[in-house]
Amino acid sequence: RSKVLTVAYLGLIIFIFSFELARKKDTKFDFLSLFHLFFILLYPLPGFFITSLAGNYEIFDPNVIRLSVYDIQYSIQVPLAIFTTYFLVIFGYYSPSALKYGSIVNITPRSNTIFWIITVGILFLGLFAVAIYTAQYGGLVQAIADANFIRSGSVKRQALGFFIRLVYFNFFAAYLIASWLFIKQNQRKNLVLWLLFTLVMISSLISAFLVSARATMILALSNFYLAYILYRRKVALPVLIPVLIAIALFIVYGKILFYSLSGFSKGGYIEFVSRFQQASGQSNEEGSFITSLVKVFSYGFTSLYAASKEYYPLRLLGDWLYGIGSFLPDKLMRVDVPDTVSTNNTIYLAGNTDYEIPAGFIASCIYSWSWVGVVIFSFAYGWIGRYLQTILYRHLYKIFWVPFLYAAIAQAWCDFLASGDPRIFLQANFCLLVSLIFLLMFGVKISVNKNLSSEAF
């Protein structure tokens, strides 16, 4: 049966590629395009490789060290969940009601002055967060050097460690300033604006190194290219191919890079290079480049075995409450907060460890509401994606900052597919959500035209 599963996953990959190339899109890429990319990486691609291993799962250690516990070669529940989720998301995405209700929302921007007040305010929050966060670790250089250890827990997080969540404001400020600089045609010769853009890009890169997460840097920087594709309506293959190669290399070696940065505080550049070479050599010994790449994304697939085989009480919507409560200081939490879905998922897959394995969207649905959750949440997920896309596309070429907003929201939508944990999702996208609230409350006027139908649009 393992060969049947391997062929089934390969067939799903081919189907998704063919469907993506054949379907009609209003732009060069849309929400569903990014969903297809994330979905393939998280589910059918690892499924294809893992089911073809015939029990030789050692190459995926240490992230999923208990794979041999589960009957991977003969389990039908996991492929059934993957196929069911995919097609229900598609049904939700193409639901006429999502298009209809998204088409009646109108957004009108307020004055440029308000736009700049919001932009500068967001940038100030980001710069302030960087200053406060790095000060408690002995300065910027030391904070970057220790970032990987802080994230892993090897270095204790300081009392104001929650400011790391606020450095993401720099990214959103960069999107807004870039939209004014590159989409507002008459602003490209403004020296002050270029200096401000340079400042915000430097602060964004610093923030990415402080967070020490590969996904953060990749998604933040790729947003500029995605916005370019949306606005210019062309892919620019001479740029795309090197970008894809760079992303693949960074996915595999980014963690090593962040670890090696600690060498700067010990012996400068020489120590940095030495640590990078040593860690890269060790990584190459553990598996090939393709294996390492698949290994990064295998957690979504492998988590499905824990979700479908272990015994546990259904979590219902509790993880959303825990996710919201995670923003409150520990001293204000007078109750014992249960383990999150990712914590339990990690225990099932790897036992008690010092790292966390996200459950991914499908496993989280099963943990929450079993198969009923897979059906309801998958359809709702697709519906929400099309609803948001419809609103944004209607204003894509009317409001200069919407191309960047479109790309950022599409990435956030796919980010929940990757994490499946409301706490991880809310914390990673907190600054995006807050920035959106500022824009929607003060930067635009929102109205609903009930007479406008999707057919008219």
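Contact is taken here as heavy atoms within 4.5 Å. The structure is a predicted model, in which local features need pLDDT of at least 70, side-chain atom pairs count only at pLDDT 80 or more, and totals for chains, interfaces and linings use all residues. Residues are numbered from 1 along each chain as its sequence is written, and side-chain values use heavy atoms, with hydrogens and water left out.

The protein holds 20 helices and two strands. These elements are DSSP runs numbered from the N terminus (helices: H or I, at least four residues; strands: E, at least two). Of the 457 residues, 51% count as buried. Buried means under 20% relative accessible area, exposed over 50%, and partly exposed in between (1.4 Å probe, protein chains only). The accessible surface comes to about 21900 Å². Carbon and sulfur atoms supply 67% of that surface. Areas were computed by the Shrake-Rupley method with a 1.4 Å probe; for residues, only the protein chains shown count as cover. Among contacts with a separation of 6 or more, 78% join residues 24 or more positions apart.

Helix α19 spans residues 422-428 and includes Q427. Q427 has a relative accessible area of 19% and is therefore buried. Neighbours within four places in sequence aside, Q427 is in contact with R165, S326 and F327.

R423 also lies in helix α19. R423 forms a salt bridge with E356, with the closest N and O atoms 2.8 Å apart. The pair links distant parts of the chain, 67 residues apart. E356 sits in the loop between α16 (341-350) and α17 (361-394). The two partners fall into separate classes of accessibility: R423 is buried at 18%, whereas E356 is partly exposed at 34%.

Seven salt bridges occur in the structure. Each is a side-chain nitrogen of Lys or Arg within 4 Å of a carboxyl oxygen of Asp or Glu. Side chains of opposite charge can pair when their charged atoms come close. E20, R23, K25 and D30 are linked in a network of such bridges. Within this group, the side chains of E20 and R23 meet at 3.0 Å, N to O. E20 also bridges to K25, at 3.4 Å, N to O. E20 is buried, with 15% relative accessibility. R23 is likewise buried, at 8%. K25 reaches 23% relative accessibility, so K25 counts as partly exposed.
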